[in-house]
Amino acid sequence: MRHLIETFLDSIGNRFPMKELPAGEFSEAKVSIMRFRIRHWDAGLLGNVSYMCTDGLMKMESLIINPTRIDMPLLSMDTILAMGRLSVYAEIYDTTVNGFDQKGCQAAKDSLSGYSEVQAKPHWYDGIKLPCSMAKKVRTTDSESMGKGLERFLEAYVSSAVTASEITDPTVLAEKTKRCNAYVDGLLANGGPSTDVFLKKYGKERTAQLYHDVLFGKAYCGVHRRPDMI
């Protein structure tokens, strides 16, 4: 049976052609009692799309979309199911040069306004996390509503991406590349719950490879590494 966020890959693929790329040694990773399964795709103008999940006592899913050739922000979606509670995150980080219209994603967030927002601790990236981002923690009986809200959020984001034009101005492309890479480098430098897990298992150098080559797809003036470079 497919997980919730995993089903969203189909709707992304219906709008952008997705070519799966090898994840190599990172395709499966056992960390403590958790086993991670990781996949990623080159989705053309949409950029690098990655999916990660775990099974066991704690079930987790993550979806990351990192556009580098169009002026769209980075999207990160996560669900965590543990001890009868479901945590849902849909976060947008502004890696754009010219800004992002948040109306569609904000409407999706507003559709779940009946559920309390999780109050997050301060993080280094708060300055670029857009207000339309959301974090909810609910009972498992609310899973269907959360799933519909996440799907609506993703649809708003992808619909904006469909209308975006490829960046052709070298100056804008260089700035976009800089901002994409700065976010990923910031994660590696400052750590965090997921990052710390991988740093402990792989060390700094291999975790950087996982992040830049697989989970986020490092941007080189808007061009991802070829599969034979991974």
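Visitor: How far apart do the centres of the positive and negative side chains of the protein lie?
Guide: This is a predicted model, in which local features need pLDDT of at least 70 and side-chain atom pairs count only at pLDDT 80 or more, while totals for chains, interfaces and linings use all residues. Residues are numbered from 1 along each chain as its sequence is written, and side-chain values use heavy atoms, with hydrogens and water left out. Lys and Arg count as positive and Asp and Glu as negative, without His and the chain ends, each charge being placed at NZ of Lys, CZ of Arg, CG of Asp or CD of Glu. The protein has 29 positive and 28 negative side chains, and the centres of these two sets are separated by 4 Å.

Visitor: In what order do the secondary-structure elements of the protein run?
Guide: Helices (H or I, at least four residues) and strands (E, at least two) are DSSP runs, numbered from the N terminus. The protein contains five helices and eight strands. Read from the N terminus, their order is α-β-β-β-β-β-β-β-α-β-α-α-α.

Visitor: Which radius of gyration does the protein have, and why does it agree with that of a compact globule?
Guide: The C-alpha atoms fill a box of roughly 50 × 40 × 35 Å along the principal axes. The radius of gyration is taken over C-alpha atoms, and the globule rule is 2.2 Å times the number of residues to the power 0.38. For 230 residues a compact globule would have a radius near 17 Å, and the protein agrees because its radius is 17 Å.

Visitor: What share of the residues in the protein is buried?
Guide: Buried means under 20% relative accessible area, exposed over 50%, and partly exposed in between, with a 1.4 Å probe and protein chains only. Of the 230 residues in the protein, the buried share is 47%.

Visitor: Among contacts between residues at least 6 apart in sequence, what percentage joins residues at least 24 apart?
Guide: Contact means heavy atoms within 4.5 Å. With pairs at least 6 apart in sequence as the basis, the share joining residues at least 24 apart is 61%.

Visitor: Which elements do the buried residues of helix H1 pack against?
Guide: Helix H1 spans residues 4-15, and its buried residues are Ile5, Glu6, Phe8, Leu9 and Ile12. Seen down the axis of H1, these fall within an arc of 140°, so they line one face of the helix; the arc is that of the directions from the helix axis to the C-beta atoms. An α-helix has 3.6 residues a turn, so residues three or four places apart point the same way. The buried residues of H1 pack against H3 and the strands S3, S4 (48-55), S5 (59-66) and S6.

Visitor: Within what arc do the buried residues of helix H2 fall?
Guide: In H2 (residues 103-110), the buried residues are Cys105, Ala108 and Lys109. They line one face of the helix, because seen down its axis they fall within an arc of 100°.

Visitor: Which helix do the buried residues of H2 pack against?
Guide: The partners of these residues include strand S7 (85-93) and strand S8 (134-139). The helix among the partners is H3 (143-163).

Visitor: Is Thr79 buried or exposed?
Guide: Thr79 belongs to strand S6 (residues 74-82). Leaving aside neighbours within four places in sequence, its contacts include Ile5, Met60, Val88 and Leu150. Its relative accessibility is 6%, so Thr79 counts as buried.

Visitor: What is the phi of Met83?
Guide: Met83 lies in the loop between S6 and S7. At 85% relative accessibility, this residue counts as exposed. Although Met83 is not a glycine, its phi is positive, about 55°.

Visitor: What C-alpha distance separates Glu20 from Asp42?
Guide: Glu20 sits in strand S1 (residues 19-21) and is partly exposed at 39% relative accessibility. Beyond four places in sequence, Glu20 is in contact with Arg39, His40 and Trp41. Glu20 and Asp42 are 22 residues apart in sequence, and their C-alpha distance is 6.3 Å.

Visitor: What is the relative accessible area of His40?
Guide: His40 is found in strand S3 (residues 34-42). Its C-alpha lies 9.1 Å from that of Ser27, 13 residues away in sequence. His40 is buried, with a relative accessible area of 0%.
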